[in-house]
Every structure is written in C-alpha cells, then in structure tokens.
Amino acid sequence: MAPMMIENENDVEVGESLPPMTEHAVSVSLPTWRANVGYEEGEDWVISKMKTGYPRFFIHKQIQSFATDILQKHGREGEGAMLFPTHCTASRCRDFIIRIAADQDTSQVRIMDLIPALESQRAEQMNAISPKISAVLYPLDLFKVAKQFWQHSGDGVSSRRAEYCHHLFEKGLLVDAEKINEAPARMCKGPRRYQNKKASVDLDAPAVQQDAETLTQFVEQRFGRNLDLSMTKNAKLAVRRRIAGSLTADVALAEALSLDADSERTRGADFSEDDVYLYPTGMSAIFNTHRNLLAVKGERKAIVYGFPYIDTLKITEKFGPGSLFYGYGSSEELDDLENRLESGEKYLALFTEFPGNPLLRSPDLQRIHKLAEKYDFCVVVDETIGNFINVNVLPYADVVVSSLTKVFSGDSNVMGGGLVLNPKAQNYALLKQRWTEDYEDNHWCEDSIFLERNSRDFVSRIERIGLNAEAICDVLSAHPRVKQVNYPKTSPTREFYEKCRNPKGGYGGLLSATFYTMADAVAFFDSLDTVKGPSLGTNFTLSSPYVILAHYGELDWAAKWGVEADLIRFSVGLEETSKLIDTFKRALDAMDKVEQS
C-alpha cells in the first residue's frame with residue numbers, strides 16, 4: 001500500500017527551481033519517488049512543469065530562448081543549435097557529432113561565431129567580459145548526439161552568459177563574425193543590472209592597488225544591485241586563491257586579494273595559485289584533463305577506479321581509445337592492475353574520486369601513486385566530495401579536479417569547476433606546458449562574481465555541514481530497517497581516507513543509505529522533510545534517489561557494482577542539528593506506519 005503523504009515544511013512543487021524562484025538555480029524539485037521516475041521516463045506531468053534542471057542535463061530556458069532566436073535569424077529549416085563560449089569548444093562539439101553520427105548526413109553541421117560590434121575605445125573593457133558565443137548548428141535529428149557532448153563535456157554556455165549575450169544579440173550588437181563589417185559601430189553595456197555608473201576601473205592596475213570600495217561593491221549583495229563586470233579578474237583571483245588552499249578562514253574579497261601569494265597553504269608550501277585553473281563546470285575540468293592527457297601522453301586507455309559519477313566513465317569511453325573500469329575500487333582490482341602493468345600494458349591515467357559518489361568509499365591513493373610513478377601513468381583525483389578543507393589528496397595526484405558548483409559555492413545558483421596541477425608530480429613539466437598552450441578561461445564573468453561571493457564562508461560551512469552529516473549517519477545507522485549507511489567515517493575504506501585527512505578535517509557532508517525493501521525506501525523518501533532534487537553540496541539539506549536519477553537506464557549494471565536502485569543520497573546542509581535529527585527520525589518512523597496500514 002502506498003504511503004500516506006503529509007504536508008512537509010520543505011515541500012516544493014515538482015519542477016520548481018531549488019532554491020525556489022531562483023533564476024539561475026542548478027537544482028530542481030523532484031519531491032517524490034514517483035516524480036523522479038516520471039522525470040526519467042519523460043512523463044508529461046513532470047517534464048511540462050520543469051522550470052529548470054541540473055544545467056548539464058537540462059538546457060536552461062535562457063539558453064533555449066537564445067538558441068531559438070539565433071536559428072530564426074541565421075538557421076535553416078529543421079535545424080537545432082548548441083551554444084558554446086568559444087570557437088574551440090564548439091569545434092569539439094562539431095567533431096564529436098560528425099564522429100558519433102558517422103552513418104548519417106553530417107555535412108550541414110557547422111559553426112557560427114557571434115562576436116560584439118565594438119567601438120574601439122570600449123574594446124579592451126569588453127574583452128575582460130568576453131561576450132562571445134559560438135553556435136553549433138546541426139540537423140534536428142542529431143539533437144541527442146549534440147546533447148551527449150553538452151552533458152559529458154560540461155563546456156556549454158552558462159545561463160548567465162546566455163542571458164547577457166542574448167540581450168546584445170537582440171539589439172543587433174552581437175553579430176556573425178563573418179559579417180562584422182556590416183554591424184553597427186556602437187556598443188551596448190547590457191542589461192541595466194550589469195551597469196555600474198559609479199565605478200571606473202583601470203584594468204591595467206594591480207588588483208590590490210584599486211580602490212577598496214570598488215573592490216567590494218559589486219559583490220556585497222547577490223541580487224538587486226548593479227554589478228561591475230570589469231571586476232571579474234579580482235573575483236577569479238580570489239576564487240583561485242581559495243582553491244589553492246591559501247585561505248583557511250572566512251575572508252572577504254579585499255583580504256583575499258591582499259594576501260601574500262606565497263603564504264602558507266593547506267596544499268603545501270611549494271604550491272602556487274598559478275597552478276589553479278577555472279572551468280565552467282567540474283565536468284569540464286575532468287573532460288579537458290582527459291583531452292589534454294591524450295594530447296601529451298598519446299592514445300592510451302584510461303583507468304577508472306571505483307564506482308564513479310556517470311559522466312567521468314562516459315568521457316573515458318567515448319573520447320579516445322576507451323577505459324579499463326574497476327567498479328569496486330578494491331585492493332584486488334589494484335592487484336589486477338599491477339599485474340597488467342608488470343606484463344607491459346600502458347595506460348594514460350587513473351581517474352578516481354575521493355571519496356566516491358554515491359558509495360563514499362576512499363581509494364588507496366598511496367598505493368595508486370606508487371604504481372603511477374613506477375609505470376608512468378597520471379593520477380587524476382576528483383576531490384569534490386572530500387574537498388581540500390577536509391583532505392589533502394594533491395601529494396598523490398598529477399591533477400586534482402573539483403566541482404565548485406557544490407559545497408564550495410553552497411548557494412546552488414552558479415556552476416564552476418576547479419583544476420589543480422601538482423608541481424611535484426613527475427609529469428608536471430609536460431602537463432604545465434600543455435595547459436599553458438591550451439587553456440581557455442571560459443568561466444563567465446558574472447558566474448565568477450557569484451562564485452567568489454558564495455565561497456567567502458566556505459571554511460566555516462564545511463565544519464558545520466560535517467558535524468550535521470555525522471549526526472545523520474548515527475541516526476540512520478541505528479535503525480534496524482536501514483540496510484547500509486555509506487559515509488567515509490564508517491566505511492570499510494576509512495583507513496585510506498584517514499591517510500589524506502587534514503589534522504582538523506572532517507568527513508564531509510555527503511552520505512547515502514540503502515534499505516531492505518524498496519517499499520521502505522519509497523516510504524522514507526516521500527516522508528523525509530527536506531527539499532529533494534539533483535546536485536549536492538548545498539547549504540540546505542538535499543535528498544535524492546540517486547541511482548534512479550543517474551542510472552535509470554542501467555539499473556542492473558549499477559547493481560552489479562553494489563550500487564542498488566533503492567539507494568538514497570543525502571547532501572547535508574547547515575540546518576540546526578537537532579532539527580535535522582528529528583526530520584530524519586520522523587521519516588524513519590513513516591516506514592512503520594506503511595507496514596501497519
């Protein structure tokens with residue numbers, strides 16, 4: 001018998017953004033088990049209500065609207081458009097479509113670059129903002145192929161970039177690069193909220209020498225205030241310094257900028273913020289790492305160790321010669337890898353998460369690092385779940401990547417990715433040269449401003465979220481109808497986590513649980529008084545039937561690796577601990593009520 005639904009404090013209508021009424025939110029409400037299944041099966045009662053979605057899976061309506069207008073002006077009948085920040089990123093999408101759809105007519109797949117028509121005296125200032133768009137135009141029957149690239153690469157335009165550039169396009173000020181001479185010789189400053197009539201910024205002046213009021217006024221409030229987009233350089237510098245681990249306390253922008261570039265860091269004294277790179281999304285950091293490693297190390301298979309987030313595995317399978325997948329992340333699998341290496345097999349890199357998502361198991365990075373040094377493959381560690389406040393994985397990796405969309409931001413309203421090169425790694429010189437030659441900073445300026453503002457209290461949030469998560473882990477673990485709780489502190493791989501845990505680090509804010517019956521899982525989830533949707537690392541507790549959302553079309557395959565269909569993932573937030581405990585206990589009690597009825 002289906003559970004009786006009660007009205008919860010955190011009930012949010014299906015399809016509403018999370019946070020609610022947030023234009024650029026990166027999560028969406030799927031408040032019941034049935035709604036999650038309905039989303040995966042494309043049921044109209046869910047899909048028709050979707051105001052937004054996770055941006056790599058749901059193309060934001062601002063982006064859809066802009067693409068439609070581009071097609072109306074420049075497209076042909078029966079075409080679609082995918083929007084990217086640069087010609088290079090668009091070219092990779094075009095090449096992917098042509099390769100994957102080799103048995104179809106791809107002769108009409110093409111790129112159109114839209115660039116500003118500038119007055120010469122404003123060109124330098126606008127270059128700091130870089131309002132450009134490259135559209136990949138393709139026959140509509142190739143949409144699913146184009147969407148694969150959008151999802152896997154994470155390199156598509158952000159909704160804020162699309163909003164700003166769409167405005168220029170509507171005014172005739174973002175024009176086809178091939179017809180630039182026909183464009184009007186004038187410049188638009190964009191929507192009013194982007195303008196700042198009070199501040200005049202010398203872009204050549206060092207950040208720390210600029211006026212303190214100017215440094216902070218564009219980020220003091222997140223909404224309802226003009227934003228000085230020319231200050232994006234300072235915002236990006238502050239973000240990179242936080243990623244570098246040089247900011248170990250909550251600080252505002254001015255303090256972040258005045259910090260000595262060589263000050264002590266959690267990642268190590270020899271580490272430089274010059275080895276930190278920003279990307280539009282965390283998946284973009286992973287995608288471009290794999291792409292660059294193929295360029296410098298050759299066409300070799302990658303290794304994916306431990307059950308990974310879905311797109312990491314897809315990237316290694318669809319780009320390059322494929323991958324060797326070790327889905328359990330076990331010591332026996334490392335034994336097998338070592339035997340392969342000793343027999344002469346060569347690999348590009350080993351990709352792993354620390355800890356993994358959604359089972360929260362930690363790989364033996366010390367052993368992996370030793371194998372990599374001996375047999376010359378790179379190690380790429382995704383630290384999104386652990387984060388550098390809790391753990392330091394850099395000594396064991398060539399490249400460390402992270403989704404800044406998650407707990408680094410916390411507000412669920414901006415996308416971003418970080419990448420760190422390890423200067424002590426044996427492949428560092430080779431990788432540094434490649435990144436120097438190849439890297440494009442495609443993180444949209446306003447997104448950087450929001451990310452900087454959101455991350456100012458990152459350090460203190462990590463501690464509180466971790467304490468809350470440990471409390472919820474205890475509550476779930478004590479209940480007899482909860483089959484298994486997955487958390488780094490209670491994991492059988494805890495010893496590997498401890499080897500990387502910082503002296504004051506905790507165990508993170510993500511955990512998951514499975515149940516003895518699917519009916520219990522559904523009853524618990526539907527009764528749980530948290531908001532529910534994709535993503536993680538939000539300042540509010542966010543729950544999701546993760547396997548249903550991430551692996552609905554391959555549930556049997558996921559179960560083979562111990563990832564069960566009834567698994568519920570919890571991203572714990574900043575709520576009062578006692579209130580969270582009561583919330584989870586009430587949901588656990590709901591399982592008993594279902595049985596009695």
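These legends describe close-up views of a predicted model. Local features are taken where pLDDT is at least 70 and side-chain atom pairs at pLDDT 80 or more, while totals for chains, interfaces and linings use all residues. Residues are numbered from 1 along each chain as its sequence is written, and side-chain values use heavy atoms, with hydrogens and water left out.

**View 1**
H11 covers residues 282–297 and has 16 residues. Helices (H or I, at least four residues) and strands (E, at least two) are DSSP runs, numbered from the N terminus. From its first C-alpha to its last, H11 reaches 22 Å, close to the 22 Å expected at 1.5 Å a residue; the expected span is 1.5 Å times one less than the number of residues. Of the 16 residues of H11, 14 are buried, so the helix is largely enclosed by the rest of the structure. Buried means under 20% relative accessible area, exposed over 50%, and partly exposed in between (1.4 Å probe, protein chains only). Glycine 298 follows H11 and has a positive phi, near 100°.

**View 1. The crossing of H11 and H15.**
The axes of H11 and helix H15 (residues 428–438) come within 10 Å and cross at roughly 115°. Axes are lines fitted to C-alpha atoms, for helices over the stretch in contact, and angles run from 0 to 180 degrees between N-to-C directions. On the H11 side, the contact is made by Asn288, Thr289, Arg291, Asn292, Leu293, Ala295, Val296 and Lys297. H15 contributes Leu430, Leu431, Arg434, Trp435 and Asp438. Contact means heavy atoms within 4.5 Å. The residues of this contact divide into six nonpolar, three polar and four charged. Here Ala, Val, Leu, Ile, Met, Phe, Trp, Tyr, Cys and Pro count as nonpolar, Asp, Glu, Lys and Arg as charged, and the others, Gly among them, as polar.

Most residues other than glycine have a negative phi, and most peptide bonds are trans. The bond from leucine 18 to proline 19 is cis, with omega near 0°, and proline 19 is in the loop between strands S1 (17–18) and S2 (27–28). The bond from asparagine 357 to proline 358 is also cis, with omega near 20°. Proline 358 lies in the loop between strand S10 (349–353) and helix H14 (365–375). Leucine 360, in the loop between S10 and H14, has a positive phi near 60° and is buried, with a relative accessible area of 0%. Serine 535 has a positive phi near 90° and sits in the loop between strands S16 (531–532) and S17 (542–544). Serine 535 counts as buried at 9% relative accessibility.

**View 2. The five-stranded open sheet.**
The strand order is S14-S15-S18-S17-S16, with mixed pairing. Two strands pair if DSSP finds at least two bridges between them. S14 (482–486) and S16 are the edge strands, each pairing on one side only. S14 and S15 (residues 510–515) are antiparallel over four bridges, and glutamine 484 has threonine 514 in S15 as its bridge partner. Helix H17 (residues 458–477) packs on the sheet and touches S14, S15 and S18 (568–571).

**View 3. Strand S18 and its neighbours.**
S15 and S18 pair in the antiparallel sense over four bridges, with phenylalanine 570 in S18 as the bridge partner of leucine 511. S17 and S18 are antiparallel over three bridges. Serine 544 stands opposite arginine 569 in S18. Ile568 and Phe570 point one way from S18, Arg569 and Ser571 the other way, and all are buried.
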